[in-house]
Amino acid sequence: MSRKKISVATWNVNGIRSAAAKGFVKWLGDLDADYVCLQEVKAKPEQLEEKLLKPKGYTSFWHSAEKPGYSGVAIYTKHEPVAVKIGLGIPEIDREGRVLLLEYPEFNIISSYFPNSQRDHARLSYKLAFCDRIFKYLEEQRSEGKHTIITGDFNIAHKEIDLQNPKSNKKNAGFLPEERAWMDRFIESG
């Protein structure tokens, strides 16, 4: 069986409108990828110009946070999906606009924006619940025989090599033992 090659890009834009002001649409056209997954778009589609919603050659799909100017993910695609799934079906997660899945006959593609556990670790339990739920979702996809490409901002520095100063970051959000242990489990699962 031969497989068609596809190109996928992912980028935490930290605000799609800000990225647009810095040449996002030209970058997207020059990139010419099949799929471009964005995180932290911080906008709802109705707030955006047509050039951001339908750039030449692309269709876009969005999962925005309920809270204005917060979070959100998007996918630009050159290929019409069979189905679009917005969120994980868990209201406390889905209201933050963290997961968007496009389904195709051969595979699924996800843009995800994992929560930050915060400086004081106030959202660590929320983040770990999110991590466990998305892991379970991916396992469900695999058990159904679906190949899934997951992209996104995981907000986890997995290994010491991922940070300039790992020793001074041991107790910092994104490098906590619980977060790194989840990433170990995620990677070891295949």
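Predicted model: local features only at pLDDT ≥ 70, side-chain atom pairs only at ≥ 80, totals over all residues.
Local features need pLDDT of at least 70, side-chain atom pairs count only at pLDDT 80 or more, and totals for linings use all residues. Side-chain values use heavy atoms, without hydrogens and water, and residues are numbered from 1 along each chain.

Q: Which residues are closest to the centre of the second largest pocket?
A: Of the 13 lining residues, they are Leu138, Glu139, Arg142, Thr148 and Gly190. A lining residue has an atom within 4 Å of a point of the pocket.

Q: What gives the largest share of the lining of the second largest pocket?
A: Helix α5 does, with five residues.

Q: Why is Gln141 called buried?
A: Buried means under 20% relative accessible area (1.4 Å probe, protein chains only). Gln141 has 7%, so Gln141 is buried.

Q: What makes the pair Gln141 and Asn108 a polar contact?
A: The term asks for N or O atoms within 3.5 Å, one able to donate a hydrogen and the other to accept it; residues adjacent in sequence count only if both atoms are side-chain atoms. The two side chains are at 2.5 Å, so the pair qualifies.

Q: How do you know what span to expect of α5?
A: The expected span is 1.5 Å times one less than the number of residues. α5 has 20 residues and reaches 28 Å from first C-alpha to last, close to the 28 Å expected.

Q: What does Gln141 contact beyond its neighbours within four places in sequence?
A: Gln141 is in contact (heavy atoms within 4.5 Å) with Asn108, Lys146 and Thr148.

Methods. Buried < 20%, exposed > 50% of the residue type's maximum accessible area, 1.4 Å probe, protein only. Helix = DSSP H or I, 4+ residues; strand = E, 2+ residues; numbered from the N terminus. 1 Å grid on protein atoms, 1.4 Å probe; cavity = no way out; pocket = protein on both sides within 12 Å on 5 of 7 lines; lining within 4 Å.
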